[in-house]
Amino acid sequence: MDCLFCKIIAGEIPSKKVYEDDLIYAFEDINPEAPVHFLIVPKKHIKNAEELSGKDKDLIGHVFLTAAKILKEKGVTNGFRIVNNCKEDGGQTVDHLHFHVLAGRSLQWPPG
């Protein structure tokens, strides 16, 4: 498969790992938009949020619970944002479901 995130998960492309378990891989964003900015990527290749099924509900819950755990370990106490961009108009640039986790500064709304 010619997927950037699958190659990162497989260790074929280097990354700064934040967390890993059987279901997900988290790593620092290469172009951070906040003092804390990492991605959480399911190890299972799912193209985007539109391709999720009821079978994936535990995986998605795990993403959010793990994000909160990582942020607590990083000492983030003043809030955070979890973003999923879906398809071209949603700003998705890699066709593998992923979640941006941002914290460490005031995050404005709308995001742009």
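Rings of Phe, Tyr and Trp (for Trp, the six-membered ring) count as a pair if their centres lie within 6.5 Å; planes under 30 degrees apart are called stacked, over 60 edge-to-face, and the rest tilted. By that rule, ring pairs link Phe5, Tyr25 and Phe27 into a cluster.

A quick word on the source: this is a predicted model, where local features need pLDDT of at least 70 and side-chain atom pairs count only at pLDDT 80 or more, while totals for chains, interfaces and linings use all residues. Residues are numbered from 1 along each chain as its sequence is written, and side-chain values use heavy atoms, with hydrogens and water left out.

**Aromatic pairs**

Searching the whole structure turns up 3 aromatic pairs. One of them is Tyr25 with Phe27, a tilted pair at 5.8 Å centre to centre with 35 degrees between the planes. Both Tyr25 and Phe27 are buried (buried is under 20% relative accessible area, exposed over 50%, partly exposed in between, with a 1.4 Å probe and protein chains only). Phe64 and Phe99 make an edge-to-face pair, 5.9 Å centre to centre and 70 degrees between the planes. Because Phe64 sits in helix H2 (residues 57-73) and Phe99 in strand E5, this pair ties together parts that are 35 residues apart in sequence. Helices (H or I, at least four residues) and strands (E, at least two) are DSSP runs, numbered from the N terminus. Phe99 is buried at 6% relative accessible area, whereas Phe64 is partly exposed at 39%.

**His100**

Strand E5 (residues 99-103) also holds His100, which is buried at 15% relative accessibility. Its side chain makes a polar contact with the side chain of His37 at 2.9 Å (N or O atoms within 3.5 Å; within protein, one must be able to donate a hydrogen and the other to accept it, and residues adjacent in sequence count only if both atoms are side-chain atoms).

**Salt bridges**

The structure has 6 salt bridges, each a side-chain nitrogen of Lys or Arg within 4 Å of a carboxyl oxygen of Asp or Glu. Here are some of them:

| Pair | N to O distance |
|---|---|
| Lys43 and Glu20 | 2.9 Å |
| Asp56 and Lys44 | 2.7 Å |
| Glu50 and Lys87 | 3.1 Å |

Glu50 is exposed at 57%. Salt bridges with shared partners also join Lys17, Glu20 and Lys43 into one network.
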